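Here is a short tour of one structure, from an accessibility value to the nonpolar cores. Have the model open beside you as you read.

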Amino acid sequence: AKAEELAHHASVPVINGLTDRSHPCQIVADLLTMVEQGKALPGLELAWLGDGNNVLHSILEAAALFKFNVRVGTPQGYEPAAEFVGMARAAGSQVTLTQDAAEAARGADIVVTDTWVSMGQEHVHNKLAAMAPFQVDAALMAQAKPDARFLHCLPAHVGDEVSEEVFEGDQSVVFDEAENRIHAQKSILLWCFGRL
C-alpha cells in the first residue's frame with residue numbers, strides 16, 4: 001500500500017523492489033530463468049512448497065498473465081492471500097491448494113520454495129515445526145518431472161526449506177536465477193524509460 005501511495009504521488013516510475021505483499025522483480029528473473037531452461041510458460045506446472053508469502057503472490061500474478069498452473073503446498077494457516085489465488089483462477093490458471101507436499105510436487109516442471117521465516121516475523125518455532133514436512137528434498141523432487149528445475153530466490157537456509165542435496169544438485173538453477181536478477185532489473189528499467 002505504501003508503494004502504491006508513493007507511485008500515486010510520484011512524477012517518475014516507482015518500482016516495487018520488494019514488499020511484504022509481493023515481489024514482482026524477483027518473479028521477472030524467475031520467468032527468465034524458466035524460459036532459459038527450455039520451459040514454455042503457457043501450460044507449465046509450477047509447484048510451490050512452504051509459506052504462502054510475497055514471492056508466491058507474485059508467482060500467482062505471473063500465472064494469470066502467462067497462463068501457467070500453480071500447485072501450492074502449504075501448512076494449514078499459511079496459505080496465500082485469497083485475492084491472488086482468485087486473480088490467477090479468473091485468468092484461467094489452475095491453482096491447487098493442498099497441505100500435502102507430495103501432491104503439490106507431483107508432475108511439476110518447476111519446483112519453488114523460499115525461506116520459511118521472513119525478517120521481523122515472530123512465533124518462529126511454531127512456524128518451523130509446521131513447515132518441516134514441506135522441505136524440498138530429493139524424495140520431493142522425485143515427485144516432479146525428471147527434467148524439473150528447482151528455484152529459490154535466495155538467500156537460502158539449506159537444511160530448512162531445501163536439503164543440501166537438492167540445493168547443490170543438477171536440477172537446481174538457483175545461481176542462474178540469481179544472475180538473472182541483474183538482467184531482469186535492466187529490462188524493467190528500460191521498460192520504465194520507454195526503451196523496451
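Buried means under 20% relative accessible area, exposed over 50%, and partly exposed in between, using a 1.4 Å probe and protein chains only. Met87 counts as partly exposed because its relative accessibility is 34%.

This is a predicted model, in which local features need pLDDT of at least 70 and side-chain atom pairs count only at pLDDT 80 or more, while totals for chains, interfaces and linings use all residues. Residues are numbered from 1 along each chain as its sequence is written, and side-chain values use heavy atoms, with hydrogens and water left out.

Met87 sits in helix α4; helices (H or I, at least four residues) and strands (E, at least two) are DSSP runs numbered from the N terminus. Leaving aside neighbours within four places in sequence, Met87 is in contact (heavy atoms within 4.5 Å) with Glu61 and Ala64.

Now for the interior. A nonpolar core is a set of buried Ala, Val, Leu, Ile, Met, Phe, Trp, Tyr and Cys residues joined through side-chain atoms within 4.5 Å.

| Core | Residues | Members include |
|---|---|---|
| Largest | 25 residues | Met34, Leu46, Ile59, Leu60, Phe68, Val70 |
| Second, separate | 18 residues | Ala105, Ala108, Met141, Phe150 |

Not counting residues up to four places away in sequence, Val70 touches Leu46, Leu56, Ile59, Leu60, Ala63, Gln94, Val95 and Thr96.

Finally, α2: its buried residues include Cys25, Ile27 and Met34, and their cover includes β1, α3, β4, β5 and α9.
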